[in-house]
Amino acid sequence: MASLKISGGNPLYGKLSVQGSKNAVLPMMAAALLLPGETQLAGCPRISDVEAMAEVLRACGAVVRWQDTVLCINASEVVPADIPAESTKRTRACVLLLGALLARCRRAVMARPGGCAIGERPIDLHLYALRKLGADITMLGEELLCCEAERLTGGEISFRFPSVGATQNAILAAVLAKGTTRIHNAAAEPEVVWLCRFLNRAGAGIAGGGTAHLEIEGGRPLHAVSFEVPPDRIVAGTYMAAVLSAGGEALLKRVCPEELSAVTKVLSAAGAVIRRTEEGLLVKKKGRLRAFDYLCTAPYPGFPTDMQSQLLALAVCADGTTVLEEKIFESRFHIVNEFNRMGADIYLDESCAIVNGVRVLQGGRVEARDLRGAAALVVGALAAEGTTIIDGAEYIYRGYEDVAGDLRRLGAALNEGE
Ligand code: EPZ
């Protein structure tokens with residue numbers, strides 16, 4: 001188990017450029033299977049989820065290689081290889097290959113992804129959407145899902161919940177379906193918008209990206225593209241939280257401020273100084289933060305669930321009480337026990353964490369069990385008295401390209417260890 005060792009108390013100063021977005025590039029990697037020729041994803045983050053997805057694309061016949069920071073995917077030849085459990089459990093975004101392989105090869109066989117530390121993660125909405133486009137879905141044995149369609153045809157899809165992944169899977173299948181597909185109650189997250197932009201650049205006809213209603217004109221000829229991976233809004237938000245925890249002032253370059261508006265609004269109301277400059281976003285801690293009172297996660301443009309843990313890490317030492325309600329995933333409070341072992345005062349009540357701010361945390365040995373929980377423990381450890389060792393650091397490498405290097409460059413006392 002990998003660990004991070006952090007000595008708290010160093011304020012952070014300097015500039016850093018935010019990496020490419022994990023949750024934008026993974027769907028683009030799946031979409032590359034639809035595109036004959038070599039697609040180039042510039043500014044692709046070198047994170048373990050991307051490496052894992054690349055392995056699965058290679059198993060499906062794509063040639064995937066790095067050229068500096070550009071990930072090149074040649075999908076001239078694609079075969080519908082069965083996608084095994086170790087891939088789908090390891091990288092849940094593999095589920096997006098159902099739509100892509102069904103569209104390109106008319107067949108996709110995949111082990112059901114199953115749950116993870118933050119929740120059951122069902123895929124019923126994904127399967128509902130693919131069936132609406134003509135897929136025949138059966139089980140092969142206990143674990144393997146088999147999706148087949150002689151020809152996908154456009155249809156009407158109405159989601160009961162605006163699932164990001166199910167919306168992306170529906171888009172990936174619909175772009176090669178015969179006829180028009182309309183998706184209602186679609187997810188409007190930036191990562192859906194970027195997938196639409198990527199596919200439209202490749203020749204698709206998708207309208208309504210970023211709204212709840214998408215219209216996809218299927219069957220247009222698609223071609224490989226070169227595309228710049230957008231900056232990761234959650235990594236940017238995490239580094240904002242790191243500065244507001246440790247103290248100091250930092251300039252984050254390569255940020256889309258409008259994608260972070262729900263986060264910056266909450267942080268500014270708590271006393272953070274956040275200002276747009278021509279270079280990016282300036283973040284400065286000016287005295288102790290005020291508590292967030294009540295914060296509830298919601299689909300975009302609401303407060304993002306992927307920033308809930310990092311804001312909890314700030315609430316533990318804010319002045320006053322914060323009620324954090326997690327409405328997207330059913331078990332995203334694993335770090336509560338870890339923070340309480342560092343001296344925090346948090347208790348859980350159903351889907352809420354009630355956080356009474358304390359003066360300071362005490363360093364100790366804690367364990368992460370999911371990606372954003374690991375990031376939150378780093379945020380908390382930066383301000384804690386003494387040294388904190390975070391076990392389970394391998395989770396953070398799934399989404400953060402160089403969190404240790406980035407924070408050390410800003411002045412953090414942080415070492416990686418086994
Ligand atoms: C994406 O997951 C992100 N992952 C998640 O980021 C993010 O938290 C989530 O969207 C919400 O923004 C990637 O993009 C790779 P959902 P996804 O489908 O698509 C339920 C991170 O830390 N649901 O919008 O799986 C589901 O159980 C990760 O980077 C169904 O019930 O999210 C959950 O409660 C974590 N049936 C809710 O919807 C379905 O078929 C939101 O899930 C699908 C989802």
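A: Helices here are DSSP runs of H or I with at least four residues, numbered from the N terminus. The model is predicted, so that local features need pLDDT of at least 70 and side-chain atom pairs count only at pLDDT 80 or more, while totals for chains, interfaces and linings use all residues. Residues are numbered from 1 along each chain as its sequence is written, and side-chain values use heavy atoms, with hydrogens and water left out.

A cavity is a set of points on a 1 Å grid, laid over the protein atoms alone, where a 1.4 Å probe fits but cannot get out, and its lining residues have an atom within 4 Å of a point. By this rule there are 3 cavities of 30 Å³ or more, a volume being the space filled by probe spheres set on points joined across faces, edges and corners.

The largest cavity holds about 50 Å³ of space. Its lining consists of Thr 238, Tyr 239 and Ala 242, then Ala 375, Val 378, Val 379 and Leu 382, and finally Ile 396, Tyr 400, Val 403 and Leu 407. Three helices, α8 (233-246), α12 and α13 (403-409), each contribute at least two residues to this lining. By class, 10 of the lining residues are nonpolar and 1 is polar, with no charged residues; Ala, Val, Leu, Ile, Met, Phe, Trp, Tyr, Cys and Pro count as nonpolar, Asp, Glu, Lys and Arg as charged, and the others, Gly among them, as polar.

In the second largest cavity there is about 40 Å³ of space. Arg 233 and Glu 259 line this cavity together with Leu 260, Ser 261, Ala 262 and Val 263, and the lining also includes Tyr 300, Pro 301, Gly 302 and Pro 304. Helix α9 (residues 261-269) gives the most to this second lining, with 3 residues. Its classes are 6 nonpolar, 2 polar and 2 charged residues, whereas the lining of the largest cavity has no charged residues.

Of the 21 residues around the ligand, the nearest are Asp 124, Leu 125, Ser 163, Asp 306 and Ile 328, where a residue is near if one of its heavy atoms lies within 4 Å. Helix α5 gives the most to this shell, with 3 residues, and by class the shell has 9 nonpolar, 5 polar and 7 charged residues.

How values were computed. On a 1 Å grid over the protein atoms alone, a cavity is a set of points where a 1.4 Å probe fits but cannot get out, and a pocket is an open set with protein on both sides within 12 Å along at least five of seven lines; lining residues have an atom within 4 Å of a point.
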